[in-house]
Amino acid sequence: MQTSEKIHPDQIESESISIYRDIGPYKGYECRDKYVVIYGEHANLTVKLVTPGIVRISVSLKGRDAELEPSKALLPYEPLEGWNVIERNNGLEITGGNIVLVVDIATLSFYVKTGQGTLCGSYKLSFSDTAVRCQGSMDDEAMIYGLGETTGYLNKRGERYTMWNSDVFDPHVSDMESLYQSIPLLIHHASDNTFGLFIDNPGRTVVDLREALDSYFIETASGEMDLYFITGPGFKDVVTNYSILTGKMPLPPLWSLGYQQSRFSYMNQEEVIQLAHNFRSKGIPCDVIYLDIHYMDDYKVFTFDKDRFPDPAAMMSELKELGFRIVPVVDPGVKVQDGYEVYEQGVEEGRFCQTPDGKEYVGAVWPGPSVFPDFTDEVTREWWGALHQFYVDYGISGIWNDMNEPSVFNSPTKTMDDNVIHRNDGNPKTHGEMHNIYSLLMSQATYEGMEKLLQGERPFVLTRAGYAGIQRYATVWTGDNRSYWDHMRLSMSMGLNLGLSGVAFCGADIGGFMHHASGELLARWTQLGVFTPFCRNHSAVDTRNQEPWTFNDEVEEICQKYIEFRYRMLPYLYSLFYESTCTGLPIMRPLVLEYPKDRNTYHLSDQFLLGKDLLVAPIYEPGKQHRVVYLPEGIWFDYWTGTRYEGGAHIIAHAPLDVLPLYIRAGAILPQTQLMQHTGQAIWQELDIHLYTQGVTSAFTLYEDDGLSDRYAQGAYNLIQISTEENDRRYTISAAYEVCGLQQDDKSILFTVHHLSFIPKSVNLISEVPEMKHLEEQSFGWYYDKQDNQLYIKTQLAGLQEVEIIVEG
Ligand code: MIG
């Protein structure tokens, strides 16, 4: 603990002042084959086009090669050709694609704009004895979003971060400069202009948005700086374009969208099986149970403890019967122990990270002294991946990577020493240079290894640490939060900025990891958590249990109701996941992404959108039953009561403990399915599609596949395009297969039309039934419930056939 003495006036050390010098003046340029090199007195800039809207500018101090090798976070690309360079008195104007770069002769500072003349910031480069610095301009009204996993609020102006993956057990607070993930992406957003800046540096990177009011600076310690300027024009375009650089999430198995239950730790086989039975007997849907470190023999990865888990195969088959998956934790630390095969084999084959004098680097983690695989070598990644045969043999297809910053207990830096050597496929670098990418490469090894071993089944990997691009291999959870109401609030802004930074599949420990949850907290947090892409309840050793039934009947019922809601919503949710695999867009979205011109949305991080149609506004304080909700332009409906609101306004929601304030956008098309106990039972042969009308034309693309295999990649999936239109006593619903790659029978669809603005008199080709219950028995029919103003239409959709329903009043 620190006391006030920490800020004793006599003891405050004034920071030593570094002298920064310009990298210029300009000395000339050269147009090479596919790129331009600008020579300066102290540094060279290499300018390459990744796409017509993305330009890469690499800076290296004099004496170094100006052609930097991109980190492994980047997908390979071929630079585009066709630069045009004009030298003027005071500057150089370089045009390529839709990018114009204007460089100042005296200082080599530059600005970037688009062909349409939109300015994407001006930048000044400088260097000191230890750092290269890039100072970027910030418009008065601009917000800065992105930066991956950070505490605080949505807008990062006024904050300072050090990108350095850290195992932060301390409570996560607002002035935390580093957490588990490092994603050096800044999204600069003003009402008429959005652009991104990605700094590809897996070593320590400082992003300071505090020191100056009208600019920020980025600093690296490598003598280099690799910058990518990402133009839009729109906010969504910037996010999608960033995913061209670092990739998109692969489609996860459907079961990983289910509710997941974890604890550090479920201690033995009986406890795990009992837990599974509890879920089923209580009828609370659940897909996954996690095994934390106690499942291992002496914390040795790729083992089971023989006393606690005497018969993992029997356990697995019982769980399978019940429809549960197991995800075991796998840390990078390998116990130093003679006779332990993973250790011995790794040493013999040179798989572990080494100190400069060529010995294995040893650091203490759970198993005591441990060695760490050098994931920067492809052969080591393959070796590590293949070791997962151990789990696959038991029928496991999901792996949880923890402690992969990597966390090291007994080191002064709490991670591997900076001078540890990474072989890096023959291009050795120090740990200091590669720290942040270690976890990405571990998850890559795990994902690719599992992918091979599972032979056609999709793997699932969960990771704590990561670097830009982590979405290609793993789902991210936000580490050791606490059962604090504050942390529930925080889970929203963290998830939202992670989503803007490429990581669509993310979530926090529901109920909080450390500290002790209360029933009220768990109820509220579960309400929120079922709307986050990754939905797992996890808690720490020595804290109060927090399974849904731990507190009282009321809390249990609330948890159940909301978990059930998530399962009904699976078709909608899965379609959003699919969309993200195509566009890189987040699933859980800040309002500003959908309403980028509406300033009321710019700071909103205590409410969010799931896709574009569901607005979730959780209660995140104890004892509260009311909160302010902002509804953006358009018409919105209270999900529970049906109350209609004109958007562009703040409203007060009333939310007793069992109510999560939830709003549906007019125009929403919300496909739902029958309740099930786990996703393995999901049958989408019967769909409930809820339509919210009010004069807007709308469309939704429903995605479906087998939920498990990689056959979707060869076309085994369906896309059903659903659209609606309402005008003047006529409401049209169309549904058609856009892609029909799955073999299947006819689909039975029950449309529920909410808030129709006229009383329906006829539906083409379908006859009215006298009572609602007839719709259960018949394949076709319609029924109008006057009281609730809900129109039900039951119909069928067969492959390649188009359905057009015309409702007339
Ligand atoms: O806290 O494996 O963030 O989820 O339960 C020490 C034990 C190590 C940290 C993870 C947490 C996990 C725990 N691990």
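A polar side-chain atom of H538 lies 2.9 Å from an oxygen atom of the ligand. Taken alone, the ligand would expose 340 Å², and the protein buries 95% of that area. The structure is a predicted model, and the values below should be read with that in mind.

### The ligand and its surroundings

The ligand is surrounded by F264, D292, I293, W366, W400, D402, M403, R464, W477, D480, F513 and H538. When these residues are sorted by class, the shell contains 7 nonpolar, 1 polar and 4 charged residues.

| Residue (side chain) | Ligand atom | Distance |
|---|---|---|
| D402 | nitrogen | 2.7 Å |
| H538 | oxygen | 2.9 Å |
| R464 | oxygen | 3.0 Å |

### Cavities

The protein contains 4 cavities of 30 Å³ or more. The largest cavity has a volume of about 100 Å³ and is lined by 14 residues, of which P250, P252, Y473, A474 and T475 lie nearest its centre. By class, this lining is made up of 12 nonpolar and 2 polar residues, with no charged residue among them.

The second largest cavity holds about 70 Å³ of space. Its lining consists of T478, S491, G495, G507, A508, I510, W525, L528, G529, T532 and M588. Two elements, α9 (485–500) and α10 (519–529), each give two or more residues to this lining, and the largest share, 3 residues, comes from α10.

S243 is found in helix α1, which spans residues 235–246, and it counts as buried because its relative accessibility is 2%, where buried means under 20%. Although S243 and L74 are 169 residues apart in sequence, their C-alpha atoms are 9.6 Å apart in space.

V59 lies in strand β5, which covers residues 54–61. With a relative accessible area of 0%, V59 is therefore classed as buried. The C-alpha atoms of V59 and I38, which are 21 residues apart along the chain, are separated by 9.6 Å.

R665 belongs to strand β42, residues 662–665. Is R665 buried or exposed? At 18% relative accessibility, R665 counts as buried, since the class takes in values under 20%. Its side chain has two polar partners to consider: the side chain of R665 makes a polar contact with the side chain of D613 at 2.8 Å, and the side chain of R665 also reaches the backbone oxygen of K612 at 3.4 Å.

Terms used. Residues are numbered from 1 along each chain as its sequence is written. This is a predicted model: local features need pLDDT of at least 70, side-chain atom pairs count only at pLDDT 80 or more; totals for chains, interfaces and linings use all residues. Side-chain values use heavy atoms; hydrogens and water are left out. A residue is near a molecule or strand if one of its heavy atoms lies within 4 Å of it. A polar contact is a pair of N or O atoms within 3.5 Å; within protein, one must be able to donate a hydrogen and the other to accept it, and residues adjacent in sequence count only if both atoms are side-chain atoms. Accessible areas come from the Shrake-Rupley method with a 1.4 Å probe; for residues, only the protein chains shown count as cover. Ala, Val, Leu, Ile, Met, Phe, Trp, Tyr, Cys and Pro count as nonpolar, Asp, Glu, Lys and Arg as charged, and the others, Gly among them, as polar. On a 1 Å grid over the protein atoms alone, a cavity is a set of points where a 1.4 Å probe fits but cannot get out, and a pocket is an open set with protein on both sides within 12 Å along at least five of seven lines; lining residues have an atom within 4 Å of a point. Grid points are joined across faces, edges and corners, and a volume is the space filled by probe spheres set on the points. Helices (H or I, at least four residues) and strands (E, at least two) are DSSP runs, numbered from the N terminus. Buried means under 20% relative accessible area, exposed over 50%, partly exposed in between (1.4 Å probe, protein chains only).
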